[in-house]
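Dear colleague,

I am passing on the structure below, together with some notes on what turned up in it. Please read them alongside the coordinates and tell me where you would look further.

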Amino acid sequence: MNNHELLNMIGEVNEDYVLAAGGDVVRPRFRWRTIAACAACAVLALGVYPAYQAVHPHLHDYVVMEGGGILDTQEEEKVPQGAAIDVPGQGGEKGGEDIDGTHLGEGDIPVDAEAAGQYDRLLRGMGIHAEGTDAYPDWFAGAWIDHGGAPGAPAWLTVAIVEGFRTSELETEILGWTQNSVVFRDAKYSKNFLDGLMDSVVAGIDGTGLSCGIGVDVVENCVGVDLYSNGAVIPDSVLAELARLDPDGDAIRVRLFTGKLDTLTDELQKGPEPVEPEARSAPAVTGDDEPTATPVDGSGPVYHGEDVPADVVPGGACADDLPQSKEEDRLARYDLLPLDE
Amino acid sequence: MDDNAIIELYFARDQQAIQATAQAYGAYCASIAQRILDDQGAAEECVNDTWLKCWQSIPPQRPNSLKSFAGRIARNLALSALRAGTAQKRGGGQVQLALDELSEVVSGGETPEGALDRAAFRAALDGFLAGLPEGHRNLFLRRYWYLDSVETLAKRCSMSRTQVTTTLHRLRQKLRVHLEQEGFDL
């Protein structure tokens, strides 16, 4: 048999099959299984990460200031270290009197009258006549008087402008307001944004019982948050809330001061918190000198500060039983700055 | 007008039967002839011959489906025209490709006159087609009955060209095995 004969014979097959094959174009089958698999993958991709995030929230980075710093408990709000005071006249002077006639303490730097005048004219140029207004222009990221770190050195006004807003026309306008040369600097966040962020930070930390100092650092163009651990571990919830408020990680600068805060001397002390008999259990020494946690009734030995044995910690736990502290976990991730920075 | 009415016209020897057939299945037959001959003039000529052949065949034949009957005549006439050389150098590429592919199934030797039981062979082919899934059966017939190109089949069946080629190859292997099991000396 040859192929021509076979082709002819195929032409004589059941006409029902032929008519069926001559029907409409075959529509592609709807691939339910493929669609279902893709949908399942999409659900996994979209759902697993948020679920993981809910269980393991992202924590804001922070810098550990080992040994602590100074918290001024006489003021309601602590300006973070290194932050510039963005309102002239609030800074002090070293000895003598400031331009507003106030007496300057030791270590204070006098405000340059010309720079202060420039700042005042800048505020007026922006239409702001009272401190604390939130009606700053969107381009305004802050302004400060820079002394160059040397008392008595010439001071100049620096104006930070939000990226994207800086134009020669704006600079000319600002120079017209200040009537003198100023230094311009680019910044990412506007003053309005940082003020709003600071309010959010305050609301987020409020109620946690932490000692903290919060302020807008216009020089660093961020909100500075100084947390004083006071011998305790900073809750992850606080760091998670800060991370939520600052997803890019550069609008909030968090510094953690370790050690205990002495509110009488406004100084932070290193070392474990003394055990108060009335406040917590103390380890009782048995005949084998093994500490056990017992209620404090005045009959057992009570340790204070450096008197506590090396393997005993407040609360009755042995040092060997202590879980790895969060701070130690993060040592590799965060900078350790010297106490006397 | 339905098939029965048209067939009755044939039996009444009413020439309106041809017009009715052409009106109902002219495009269908033309597409078959066009695919085989790949020449519009030759295809029209083939379709006209199809109506004449229908006029000569009905009666005595009374087809169940006039569409299938006319389409089969158009196919056979187009293949005959192609072989006779009337459409030489004017296409017919799909026919040659189909013949090349079917060469895998048969040995290629001439079958002595009367040696092939055509009815048994047709039954074997029907049995082969009946055993195929509908999709594969349609694919086989679109390729070797309607002589569609592989590209056309790929679009029609929402398959890739490679899938079509592979599937047809496997169907030909199956056909060869089936016919051998049925006792045909290919």
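Pro60(B) is found in the loop between helix 3 and helix 4 of chain B, where helices (H or I, at least four residues) and strands (E, at least two) are DSSP runs, numbered from the N terminus. The peptide bond that leads from Pro59(B) into Pro60(B) is cis, with omega near 15°. Pro59(B) is found in that loop as well, between helix 3 (40–57) and helix 4 (66–84) of chain B, and a cis peptide bond joins Ile58(B) to Pro59(B), with omega about -15°. Most peptide bonds are trans, and most residues other than glycine have a negative phi.

Before going further, please note that this is a predicted model, in which local features need pLDDT of at least 70 and side-chain atom pairs count only at pLDDT 80 or more, while totals for chains, interfaces and linings use all residues. Residues are numbered from 1 along each chain as its sequence is written, and chains are lettered from A and ligands numbered from 1 in the order in which they are written.

Two residues of chain B have a positive phi without being glycine: Arg13(B), with phi near 55°, and Ser158(B), with phi near 55°. Arg13(B) lies in the loop between helix 1 (3–11) and helix 2 (16–37) of chain B, and Arg13(B) is exposed, with 10 other C-beta atoms within 10 Å. Ser158(B) lies in the loop between helix 8 (150–156) and helix 9 (161–181) of chain B, and is exposed with 12 other C-beta atoms within 10 Å. Here a residue is buried if 20 or more other C-beta atoms lie within 10 Å of its own, exposed if 12 or fewer, and partly exposed in between, with C-beta atoms placed from the backbone.

Chain B comes to nine helices and zero strands, and 35% of its 186 residues count as buried. The core draws at least three residues from each of domain 1 (3–87) and domain 2 (94–181) of chain B, the bounds coming from an automatic or database domain assignment.

In chain A, an open sheet of three strands has the order 2-3-4, with mixed pairing; two strands pair if DSSP finds at least two bridges between them. Its edge strands, each pairing on one side only, are strand 2 (140–146) and strand 4 (183–187) of chain A. Strand 3 (residues 156–162) of chain A pairs with strand 4 of chain A in the parallel sense over five bridges, and the bridge partner of Thr158(A) in strand 4 is Val183(A).

Finally, the contact between the chains takes 24 residues from chain A and 36 residues from chain B, two residues being in contact if their C-beta atoms, placed from the backbone, lie within 7 Å. On the side of chain A that touches chain B, helix 1 of chain A gives the most, with eight residues.

With best wishes
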